[in-house]
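Look at the model shown here and follow its charged side chains. The paragraphs below go through the pairs they form and where these lie.

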Amino acid sequence: MNRPSISDLAHRDHPIAAPVSDEALERLLRRARLPARARVLDLGCGEAEWIIRALELHPEATADGVDVSETALAAAAERAAARGVSDRLRLHHITAAGFTGSGPYDLVLCVGATHAFGDLTESLQAMRRHLGPAGRALIGEGFWETTPSPETLALLGASLDEYADLAGTVERAEQVGYATVHAHTSTRSEWDVYEWSWTGSLTDWALDHPGADGDAALAAARDHRAAWLDGYRDVLGFVTLLLRPV
């Protein structure tokens, strides 16, 4: 199974697709202070829970969601229809970097998808091109809560400079020309809910689908759980920054 398929299955019971609670998600969206007829863009939207929630909070807003996973976009379309916002949501099967759009947007999101552009800096530079003068960027990124051991880096397949600490992460964002107006730092409880859901959903699917795909999914779940419990738990953090261009 390829990585996008593994990710789709792992997130099927956690459509937020990040270690962020429902309450924190809504608080971040409210702090974005969107105008009545806001235009919202999510680069790497997955099942589009973030922008569906934004449309529910702002009945006159419209949104575009961009993702490379047809499975996730199909789930997003079903969710939007079930919640009565499909007429205000456009979904695009294209890479985040390849999306040109019809901006400007009042809010641009990229939560847990900075790899689509390369890193945090490159993501924020790309997001800036879609933002209106008074727009806001909402970006979710990892950071080191403590210095990772070489063994943890190996489990993650990461380098030490891939992330900064929390202060360094904010500094990286502001060096690109943004000011931080709010943020949410994910709690251990939010991480645990996310990781147990990720590994559990994938394991459930694997046990229901014996065969080569099931074996691959089960192996991916076990490897991920080992990397989390034996490696990056309490080492890797996650912060969602609400930013305004300066």
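A salt bridge is a side-chain nitrogen of Lys or Arg within 4 Å of a carboxyl oxygen of Asp or Glu. The whole structure holds 11 salt bridges. This is a predicted model, in which local features need pLDDT of at least 70 and side-chain atom pairs count only at pLDDT 80 or more, while totals for chains, interfaces and linings use all residues. Residues are numbered from 1 along each chain as its sequence is written, and side-chain values use heavy atoms, leaving out hydrogens and water.

Asp 22 pairs with Arg 53, with 3.4 Å between the closest N and O atoms. This links distant parts of the chain, 31 residues apart: Asp 22 is in helix H2 (residues 22-31) and Arg 53 in helix H3 (residues 49-57). Helices here are DSSP runs of H or I with at least four residues, and strands are runs of E with at least two, numbered from the N terminus. Arg 53 counts as buried, at 12% relative accessibility, whereas Asp 22 is partly exposed at 43%. Buried means under 20% relative accessible area, exposed over 50%, and partly exposed in between (1.4 Å probe, protein chains only).

Another salt bridge joins Arg 79 to Glu 47, where the closest N and O atoms are 2.9 Å apart. Arg 79 lies in helix H4 (residues 70-82), and Glu 47 in the loop between E1 and H3, 32 residues apart. Glu 47 is buried at 11% relative accessibility. Through shared partners, salt bridges join Asp 22, Glu 47, Glu 49, Arg 53, Glu 56, Arg 79 and Arg 83 into one network.
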